[in-house]
Structures are given as C-alpha cells and as structure tokens.
Amino acid sequence: MELTGGTFGLEIEAVLADDDHAVVFFRGHGQREGRTLDNPTCLKIRMRDGRATEIHEFVWDLYEVDRFWS
C-alpha cells in the first residue's frame with residue numbers, strides 16, 4: 001500500500017471451491033509513479049483440513065506486473 005499511495009486493491013470476480021481445491025479470479029489494480037496496473041489474476045489453491053497448503057498464482061501479463069512494481 002505504501003508504494004502505491006494507498007491505491008492498490010484487489011477486486012474478486014469469482015471463487016470456485018470444493019473440499020480439496022479453490023480457484024479465485026480477481027483483478028489487481030493501482031497507481032504508482034505515473035503507471036497504472038489493471039491485471040487479471042487467478043489463484044489455484046490446494047486445501048487440506050480446511051487450510052490452504054499450496055498456492056499458485058497466474059497473472060495475465062507478468063511483464064506488465066514487473067514494470068509496475070519495479
């Protein structure tokens with residue numbers, strides 16, 4: 001939040017889940033040093049005993065995300 005002056009946020013679009021897995025679709029967005037981030041993202045989460053044990057993140061444009069945070 002400090003790097004974006006409080007503008008960074010996540011907007012959840014959908015959540016799909018069962019006892020073993022969850023998938024979350026969201027958009028990360030914010031402003032930083034004249035740059036804008038609006039990035040669709042997906043998290044694939046493996047669940048065990050009601051807890052997340054493994055998380056994989058898939059972003060639409062990794063180069064855009066790297067430019068925004070660099």
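**View 1. Surroundings of V24 in the predicted model.** Not counting residues up to four places away in sequence, V24 touches I12, A14, V15, T41, C42, L43 and I45, where contact means heavy atoms within 4.5 Å. This is a predicted model, in which local features need pLDDT of at least 70 and side-chain atom pairs count only at pLDDT 80 or more, whereas totals for chains, interfaces and linings use all residues. Residues are numbered from 1 along each chain as its sequence is written, and side-chain values use heavy atoms, with hydrogens and water left out.

**View 2. The largest nonpolar core.** A22, V24, F26, L43 and I45 make up the largest nonpolar core, which has 5 residues; such a core is a set of buried Ala, Val, Leu, Ile, Met, Phe, Trp, Tyr and Cys residues joined through side-chain atoms within 4.5 Å, and buried means under 20% relative accessible area, exposed over 50% and partly exposed in between (1.4 Å probe, protein chains only). The elements giving two or more residues to this core are β2 and β3 (35-48), strands being DSSP runs of E with at least two residues, numbered from the N terminus.

**View 3. R32 and its contacts.** R32 lies in strand β2 (residues 21-32) and, at 8% relative accessibility, counts as buried. Leaving aside neighbours within four places in sequence, R32 is in contact with L3, T4, F68, W69 and S70.

**View 4. The aromatic cluster.** F8, F68 and W69 form one aromatic cluster, in which rings of Phe, Tyr and Trp (its six-membered ring) pair if their centres lie within 6.5 Å, with planes under 30 degrees apart counted as stacked, over 60 as edge-to-face and the rest as tilted. F68 is buried at 1% relative accessible area, while W69 is partly exposed at 34%.

Note on methods. Helices (H or I, at least four residues) and strands (E, at least two) are DSSP runs, numbered from the N terminus.
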